[in-house]
Amino acid sequence: MSVRVERLTGSALAAAVPELARLRMTVFRDWPYLYDGTLDYEQDYLASFSSATGAVVVAAYDAGAMVGAATAAPLLESAEEFAAPFRARGDDPAQIFYFGESVLLKAHRGKSLGHLFFDHREAHARSFGRFTLAAFCAVQRPADHPLRPQDYVPLDAFWRKRGFEKADGLTTTFSWKDVDQPEETDKPMQFWLKALAP
């Protein structure tokens, strides 16, 4: 495989924001996110993310172009929508590393890059020596959604293979505009968790 995978932090992460913004807009436009975003919003969001202490982007490049990426940062430096459900159930957000989006162009799927994205993010989180839990959340769409592809296969089995388990009852909401909607709406997001052994 000619794809190169790099772990980006600090100034290297900040420099990658424009390319990552374009990639996010392309991949998230598809099911199940159906995201109809703007480049300005993406760059503002990612500029804030890139300034977080401990933030990382695991980026995949093919012929010099970014074809995939996965983000992560300490939960306390992530959006409050993600931290609030943990506080509500009595967890210490300071011990949780939040795995954000994972985006990959279709032509590069099925080549183990998803596993590499998790490997690098988990290693990065463990390198601090103080995080005990990795967490991410995924949008929940109704089974009868009119834009759901007939051949869509949920990623639950892949996530379980990585050692994550669905945390029943641990959810949040996040708002964005769908491609078939006139304005933003709240979306339910389900958390998945994994213990981070030293």
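Colleague: Where is the place of Ala-63?
Modeller: Strands (E, at least two residues) and helices (H or I, at least four) are DSSP runs, numbered from the N terminus. By that naming, Ala-63 sits in the loop between β2 and β3.

Colleague: Before we go on, what sort of model is this?
Modeller: Residues are numbered from 1 along each chain as its sequence is written, and side-chain values use heavy atoms, with hydrogens and water left out. Local features need pLDDT of at least 70 and side-chain atom pairs count only at pLDDT 80 or more, while totals for chains, interfaces and linings use all residues, since the model is predicted.

Colleague: Is Ala-63 buried or exposed, and at what relative accessible area?
Modeller: Buried means under 20% relative accessible area, exposed over 50%, and partly exposed in between (1.4 Å probe, protein chains only). Ala-63 has a positive phi of about 55 degrees although it is not a glycine. Most residues other than glycine have a negative phi. As for the surface, Ala-63 is exposed, at 80%.

Colleague: And Leu-34, buried or exposed, and at what relative accessibility?
Modeller: Leu-34 also has a positive phi of about 55 degrees without being a glycine. This residue is in the loop between α2 and α3. Leu-34 counts as buried, at 4%.

Colleague: What is the strand order in the open sheet?
Modeller: Strands pair if DSSP finds at least two bridges between them. The pairing here is mixed. β1 (4-8) and β6 (165-177) stand at the edges with a single partner strand each, so one side of each has no neighbour in the sheet. The seven strands run β1-β2-β3-β4-β5-β7-β6.

Colleague: At what angle does helix α2 run to β3?
Modeller: Axes are lines fitted to C-alpha atoms, for helices over the stretch in contact (heavy atoms within 4.5 Å). Angles run from 0 to 180 degrees between N-to-C directions. Helix α2 (residues 17-27) lies across β2, β3 (65-74) and β4 (96-104), and its angle to β3 is about 100 degrees.

Colleague: How far apart are the closest N and O atoms of Glu-122 and Lys-194?
Modeller: A salt bridge is a side-chain nitrogen of Lys or Arg within 4 Å of a carboxyl oxygen of Asp or Glu. Glu-122 lies in helix α5 and Lys-194 in strand β7 (residues 184-195), so the pair ties together parts 72 residues apart in sequence. Glu-122 is buried at 4% relative accessibility, as is Lys-194 at 15%. The closest N and O atoms are apart by 2.9 Å.

Colleague: Which residues are linked with Glu-122 in a network of salt bridges?
Modeller: Glu-122 also meets Arg-162 in a salt bridge of 3.4 Å, N to O. Both Arg-162 and Glu-122 are buried. Linked with Glu-122 in the network are Asp-119, Arg-126, Arg-162 and Lys-194.
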